[in-house]
Amino acid sequence: MDNPSTAETDGAMETRGIEPVPDHERRGRVRELFPTWVAANISVLLLTMGAALVVFNRLNFWQVLIVAACAALASFGMVGLLSVSGKWGGAPGATLSRATFGVRGNLFPGAILWIARFGWETINAVTGAYAVLTVLDLLLGVRSNTALIVITLFAFVACTFLVSGLGRKALNVCNTWSTYLFGVFSVLVLGYLVATMDWHEVFAKPAGTTAMMIAGIGTIAAGGISWVPTGPDFARYLPHSASGRNIVGVTVSGAGLVMVPMVLMGAVMAVASPGLADAADPVSFLGDLLPTWLAVPYLLTAIVGMLLINSLSMYSAGFTAQTMGVRLPRAMAVSINAVISLVGGLLLMLVATSFLGSFITFLILLAVSFSAWIGVYAVDMFRRRSRAVRYDAAALMDTSRNSRYWYVGGFCWQAMVSWVVALLVGLAFTKCDWFAGPLSDTPVGRYGLAWAATILVSGAVMALLPVPRENAPADAEPSTEAERSAEAVTTERPERVTV
């Protein structure tokens, strides 16, 4: 029986937590994912990253285009593929992951993902605060100072917290309007650049090496990779009949629509202002390159976009906290992330000496930490594709030893071994400002492919180990009315999804 207190009602604040969504509430449409993934990429950090491809990787315009397109396809292709599990189980990725790692084992990768998400939210909060400071400088001539930094960062984090608490429906509305506004002003910025840039200088830039292109793909893709575990969160309201292929297509197209032109715009801007790639402030350069009448509205829409990115991240982070045993309502769980983002943001803005150096290092470590989870989860999901009932709704919420997903002592040892081995291998190939792994001088390390190696290793080990045996047989009678309905639908009309 569904709990009325957790049902999602039209126009109301969402109160549902990590429990699977019952079939009668799953009225979402695949096309609703499009503005979600557009909004997830509305960040001026993509401009800075595009500039870095020109300044540091020494790539030319066409190479940057290839890097951006490949990064969007690779990272959000994985987001779309694993999002299909959300409509299979109707639950957030952090909850479905219990079926992969075990109800206790899931706590360990969940903790790593939760910590990594703190860093991503902190980076976005800092960028949003810098954007606010730049607007204040352009409009009012107010220069940044310590007190103003604290106030703007606090205001940005507070707004993020409030928006994330509204839930999926409100976020969808905000994302849609943000997409329209940011799209209009991005076209205006692009038009301005086309009219004012020295395009001979842009296209005359010599090509960089293949190694730097491959490394650039990993850097740009890292942001998308961080969304993979949370992809199911936004697909859980989709009905069982939703097309898996459409989910992937909408996810990739929504992300690519923003990622590719933003990275290219950053690369073009770097030709006119090479210093923007290593500037202490990743936003203020827009005030130097664009006229005030264009820079201010563009930054305002970007601020809204970054606020929505953090809201989406905090929305999912609340689920992760709850699956780890934090016995608080989702809104309270999200508040933990907000506080940590505030403290981390203050350290980054007031103490750290290099924003870009800290950001690139974070991206490298972020990609590896998320990739270890991706390979294991993908293999487990692939094995479930042919089952009538892919996820047991009751077992996902049962953390006792009677749960189907208890495995051995609450751990799926195959998944845990695969995850740990892949994480260690990925770190061994990693090289960043903070440390260098023992294998970082190999081609995999030099080409920045630690994240790809991590996915391959975790997936390969998981596939080679014995298939985990759940505590209940795979063909056991579904334990809930929702599951029995799902099984009947699947039996009468099997769904063909390529995963």
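1. Arg58 sits in the loop between helix 2 (45-55) and helix 3 (61-89). Its phi is near 60 degrees, a positive value in a residue other than glycine. Most residues other than glycine have a negative phi. Helices here are DSSP runs of H or I of at least four residues, and strands are E runs of at least two, numbered from the N terminus.

2. Before going on, the ground rules. This is a predicted model, where local features need pLDDT of at least 70 and side-chain atom pairs count only at pLDDT 80 or more, while totals for chains, interfaces and linings use all residues. Residues are numbered from 1 along each chain as its sequence is written, and side-chain values use heavy atoms, with hydrogens and water left out.

3. Another non-glycine with a positive phi is Tyr407, at about 55 degrees. Tyr407 belongs to the loop between helix 16 (393-397) and helix 17. Is Tyr407 buried or exposed? With 11% relative accessibility, Tyr407 counts as buried.

4. Helix 11 (residues 244-272) is worth a look for its length. Its 29 residues should span 42 Å at 1.5 Å a residue, and the end C-alpha atoms are 43 Å apart, which agrees (the expected span is 1.5 Å times one less than the number of residues). Even so, helix 11 has a kink of about 35 degrees centred on Gly256; the bend at a residue is the angle between axes fitted to the seven residues ending there and the seven starting there.

5. Still on helix 11: 22 of its 29 residues are buried, so the rest of the structure largely encloses it. At its start, a side-chain oxygen of Ser243 comes to within 3.4 Å of the backbone nitrogen of Arg245. For reference, a polar contact is a pair of N or O atoms within 3.5 Å; within protein, one must be able to donate a hydrogen and the other to accept it, and residues adjacent in sequence count only if both atoms are side-chain atoms.

6. Which way does helix 3 run relative to helix 11? The two pack at an angle of about 150 degrees, with their axes 7 Å apart. That makes helix 3 roughly antiparallel to helix 11, and the crossing is right-handed. Axes are lines fitted to C-alpha atoms, for helices over the stretch in contact, and angles run from 0 to 180 degrees between N-to-C directions. Angles under 35 degrees count as roughly parallel, over 145 as roughly antiparallel, 65 to 115 as roughly perpendicular and the rest as oblique. A crossing is right-handed if the near helix is turned clockwise from the far one by less than a right angle, and left-handed if anticlockwise.

7. Helix 2 also packs on helix 11, at about 55 degrees and with the axes 6 Å apart. This pair is therefore oblique, and its crossing is right-handed.

8. Helix 4 (residues 93-101) is the buried case: nine of its nine residues are buried, so it is largely enclosed by the rest of the structure. Among them are Arg98, Ser97 and Phe101. Just after helix 4, Gly102 takes a positive phi of about 95 degrees.

9. Now helix 17 (residues 413-428) and helix 19 (residues 450-464). Their axes come within 8 Å and cross at roughly 155 degrees, so the two are roughly antiparallel. The crossing is right-handed. Val425 lies in helix 17 and counts as partly exposed at 24% relative accessibility.

10. On helix 19 itself, the 15 residues should span 21 Å at 1.5 Å a residue, and the end C-alpha atoms are 21 Å apart, which agrees. Its buried residues include Trp451, Ile455 and Met462.

11. Glu470, in the loop between helix 19 and helix 20 (481-492), counts as buried at 10% relative accessibility; Glu470 and Cys412 are 58 residues apart in sequence and 8.9 Å apart, C-alpha to C-alpha. Leu290, in the loop between helix 12 (285-289) and helix 13 (292-323), is buried at 5%. Leu290 and Tyr192 are 98 residues apart in sequence, with 8.1 Å between their C-alpha atoms.

Methods: Buried < 20%, exposed > 50% of the residue type's maximum accessible area, 1.4 Å probe, protein only.
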